[in-house]
Amino acid sequence: MDAIWLTGAEWLAVLRIGLGLWWLESWRHKDKKGWFERGTGIAWAADVAAKHRWNAVRSGFETVVAPRPRTMAYVVVYAELALGLGLVVGFLTPIALVGGLLLNFLYFTLMIHDWAEQGQNAMMALISAVALFGMSWQTWSLDGALGWF
């Protein structure tokens, strides 16, 4: 593979790190006090789910998320932090990439009515897939340094 300035593997690492920074920004801009103390994030998602066109989304939210809003707030917020850190430093990278794909799929499905959210989550999922199948942890990562994966 020919590439300009960096090798192909290095460009994949840049893509992986950029995706990690995107997840970290998603974590950083959240109002943690609102999410954890007032339940604003899950309440917002509950409102979106209640109006969703697909019954599976409504019932799935009511079954999984609604009974445990505080726990789910922590899961969402700290999943974004873990994904961001894991991808930036390249630690457990394939697991982070698959986890990110799943989270983006859930966000994409919940926010099916919101074009901006659809675009962001589709692009993040695409980057995750390219980074996963391109084995982006081979360069500039703790996984690569440790010989994992």
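The largest pocket holds about 760 Å³ of space. The model is predicted. Lining this pocket are 33 residues, and V76, L103, L106, Y107 and L110 lie nearest its centre. Six helices are named here for giving two or more residues to the lining: α1 (8–28), α3 (40–50), α4 (55–64), α5 (69–89), α6 (93–110) and α7 (115–133). The largest share comes from α6, with 6 residues.

The lining divides by residue class as follows.

| Class in the pocket lining | Residues |
|---|---|
| Nonpolar | 21 residues |
| Polar | 8 residues |

Now the core. The largest nonpolar core has 28 residues. L19, W23, W35, I42, L97 and L110 touch the most other members. At least two residues of this core come from each of α1, α2 (32–38), α3, α4, α5, α6 and α7. α5 gives the most, with 6 residues.

What does L97 touch, leaving out residues up to four places away in sequence? Its contacts are L19, L87, S128, A131, L132, S136 and W137.

α1 has 21 residues. From first C-alpha to last, α1 reaches 30 Å, close to the 30 Å expected at 1.5 Å a residue. Its buried residues are G8, L12, A13, R16, L19, G20, W23, L24 and S26. They pack against α5, α6 and α7.

Terms used: Residues numbered from 1 in each chain as written. Predicted model: local features only at pLDDT ≥ 70, side-chain atom pairs only at ≥ 80, totals over all residues. Heavy atoms only, no water. 1 Å grid on protein atoms, 1.4 Å probe; cavity = no way out; pocket = protein on both sides within 12 Å on 5 of 7 lines; lining within 4 Å. Points joined across faces, edges and corners; volume = space filled by probe spheres on them. Helix = DSSP H or I, 4+ residues; strand = E, 2+ residues; numbered from the N terminus. Nonpolar A, V, L, I, M, F, W, Y, C, P; charged D, E, K, R; others polar. Core = buried A, V, L, I, M, F, W, Y, C linked by side-chain atoms within 4.5 Å. Buried < 20%, exposed > 50% of the residue type's maximum accessible area, 1.4 Å probe, protein only. Contact = heavy atoms within 4.5 Å. Expected span 1.5 Å × (residues − 1).
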